Amino acid sequence: MLKIKLFADGANLDDMLAAYQGGVVQGFTTNPTLMRRAGVMDYESFAREVLEIIPDRPISFEVFADDFETMYRQALQINTWGENVYVKIPITNTKGESAVPLIKRLVGDGIKLNVTAILTLEQVQATNRVLSPMIPSVVSVFAGRIADTGIDPVPLMTAAAQMLRIESKAELLWASPREVLNVYQADACGCDIITATNDILKKLSMFGKDLDELSRETVQMFYDDARKAGFQIEC
Ligand code: E4P
């Protein structure tokens, strides 16, 4: 039985609505890249439309300025869009300057944050120091991007979970999962949340599937596709 909460990662309104109505996920994450990919033209209108249909589960919308003063103002604005909104703040700007002072300021304003694009334990530590156990917050570590570099993210995620439990009580989110196995890894290493794209969420139904049967189904797929393609070998 999984303890971890599943969030849906994406910006397709129909998929978000289906995930909400399906009751599988307990929250949602978006980012500017996912929104652009989904064809969103107007950031605020899209966010407000989403919040109309999903008014009662945590959902993150990200600031996208690159200077901390504008990020601060965007964060205040985004925060007014709904009670269930978490404002996503990237851990640095594009120059690599730390957003920790901004995070501290927003926490002082009582704003629920999702600190995003975290890839190192040092970033988790610095964030942990300025978040408050009084203000709900999420720390998103991009485990999949860590894995993309050839490093196993599990030890880092385990250490991050322990660190956050002691001080800020922020929820640890395993971001950028690459495969269904990551859901079980994230659960085992103490993450509170994993956010996943539709493809991964759909495959969760395969949990515990008999591997002999899965092998047979795989062969069936090859057989059916060869027939549908009309392949022939003279023999
Ligand atoms: C979640 O909040 C992140 O925006 C998302 O999981 C990032 O995924 P990616 O690293 O695959 O782009």
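I118 stands opposite V141 in β6. This report concerns a predicted model, in which local features need pLDDT of at least 70, side-chain atom pairs count only at pLDDT 80 or more, and totals for chains, interfaces and linings use all residues. Residues are numbered from 1 along each chain as its sequence is written, and side-chain values use heavy atoms, with hydrogens and water left out.

Strand β5 (residues 113-118) is mostly covered, with five of its six residues buried (under 20% relative accessible area, 1.4 Å probe, protein chains only). Helices (H or I, at least four residues) and strands (E, at least two) are DSSP runs, numbered from the N terminus. The table lists the pairings of β5, where pairing requires at least two DSSP bridges between two strands.

| Partner of β5 | Sense | Bridges |
|---|---|---|
| β4 (residues 85-90) | parallel | four bridges |
| β6 (residues 137-141) | parallel | four bridges |

The bridge partner of K88 is N114 in β5.

R57 lies in the loop between α3 (43-53) and β3 (59-62). R57 is buried yet has no salt bridge, and D56, the nearest side chain of opposite charge, is 4.4 Å away. A salt bridge requires a side-chain nitrogen of Lys or Arg within 4 Å of a carboxyl oxygen of Asp or Glu. The side chain of R57 does reach the backbone oxygen of Y20 at 3.4 Å.

Definitions and conventions: Buried < 20%, exposed > 50% of the residue type's maximum accessible area, 1.4 Å probe, protein only. Lys, Arg positive; Asp, Glu negative; His and termini not counted. Polar contact = N/O pair within 3.5 Å; in protein donor to acceptor, adjacent residues only side chain to side chain.
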